[in-house]
Amino acid sequence: MTLKNDISEIILTEEEIASLAKSLGEQITKDYEGKKPILVALLKGSIMFMTDLIKNIDTHIEIDFMDVSSYVGTQSSGEVKILKDLSSSIEGRHIIIVEDIVETGNTLNSIIDFLQYRKAASVEICTLLDKPVPSRTLDVEVKYIGTKIPDGFVVGYGLDFNEFYRNLPYIGLLKPELYS
Ligand code: 5GP
Ligand code: MG
Ligand code: MG
């Protein structure tokens, strides 16, 4: 049995993802020329997106990583815990949070508060996927969005179900019978 057997539909192919990463990277290059932003990837889901995105940014940037937990299985707990903090000070720096997917926005609300408390000069969000749900609570606008996707639990390209499927090179819908 290959991983593909657990996927009911491919939502984004490798080629489609590559083209989204390219266009977002080009926008960031233009918007942040001379600002030396720090791109903060949220572990672990955004690792693949982060590497593809930064290859398409052609101006000085730094990268850092944070690990926060908010999800167990397929349900948001609405609670965020910092598992790995940033490795350097962000005071006075322009921050771009790199996320795999925004659903309720609970995770991002907490992280933005935290970055503002640490006196970042600005905080913007770059997400590959935007899954608009009725329970969206995000207080801020997401400046960079790869694409909107319909409701449904997706895996692959860094995104997991109970830590599996992150290694799929594309994004697909997980067969509901596997988690319900
Ligand atoms: P939020 O706090 O916006 O509700 O949830 C954001 C986080 O939940 C994402 O960064 C991701 O880790 C996880 N998440 C939300 N929707 C999905 C999904 O469809 N698939 C997977 N694998 N993770 C999701
Ligand atoms: Mg995430
Ligand atoms: Mg997860």
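In what order do the three strands of the open sheet lie, and is their pairing parallel or antiparallel? In this predicted model, the three strands are arranged in the order β1-β9-β8, with antiparallel pairing, two strands being taken to pair if DSSP finds at least two bridges between them. Between β1 and β9 (residues 171-174) the antiparallel pairing extends over four bridges, and Ile10 has Gly172 of β9 as its bridge partner.

The model is predicted, so that local features need pLDDT of at least 70 and side-chain atom pairs count only at pLDDT 80 or more, whereas totals for chains, interfaces and linings use all residues. Residues are numbered from 1 along each chain as its sequence is written, while chains are lettered from A and ligands numbered from 1 in the order in which they are written.

The protein chain contains three helices and nine strands, defined as DSSP runs (H or I, at least four residues, for helices; E, at least two, for strands) and numbered from the N terminus. Read from the N terminus, these elements follow the order β-α-β-α-β-β-β-α-β-β-β-β. The radius of gyration of the protein chain is 16 Å, close to the 16 Å that the globule rule gives for 180 residues, so the chain is as compact as a globular protein of that length; the radius is taken over C-alpha atoms, and the rule is 2.2 Å times the number of residues to the power 0.38.

Of the 180 residues, 32% count as buried, that is, with 20 or more other C-beta atoms, placed from the backbone, within 10 Å of their own. In helix α2 (residues 47-54), the buried residues are Met48, Phe49, Met50, Asp52 and Leu53, and their cover includes α1 (14-31), β2 (38-43), β5 and β6 (122-130). Such cover is judged by contacts, for which the C-beta atoms of two residues, placed from the backbone, must lie within 7 Å.

Around ligand 1 there are 20 residues, of which Glu103, Thr104, Asn106, Thr107 and Leu159 come nearest; a residue is near if its C-beta atom, placed from the backbone, lies within 6 Å. At least two residues of this shell are supplied by each of β3 (62-72), β5 (94-102), α3 (106-117) and β8, with β5 giving the most, namely four residues.

Technical notes:
A residue is buried if 20 or more other C-beta atoms lie within 10 Å of its own, exposed if 12 or fewer, and partly exposed in between; C-beta atoms are placed from the backbone.
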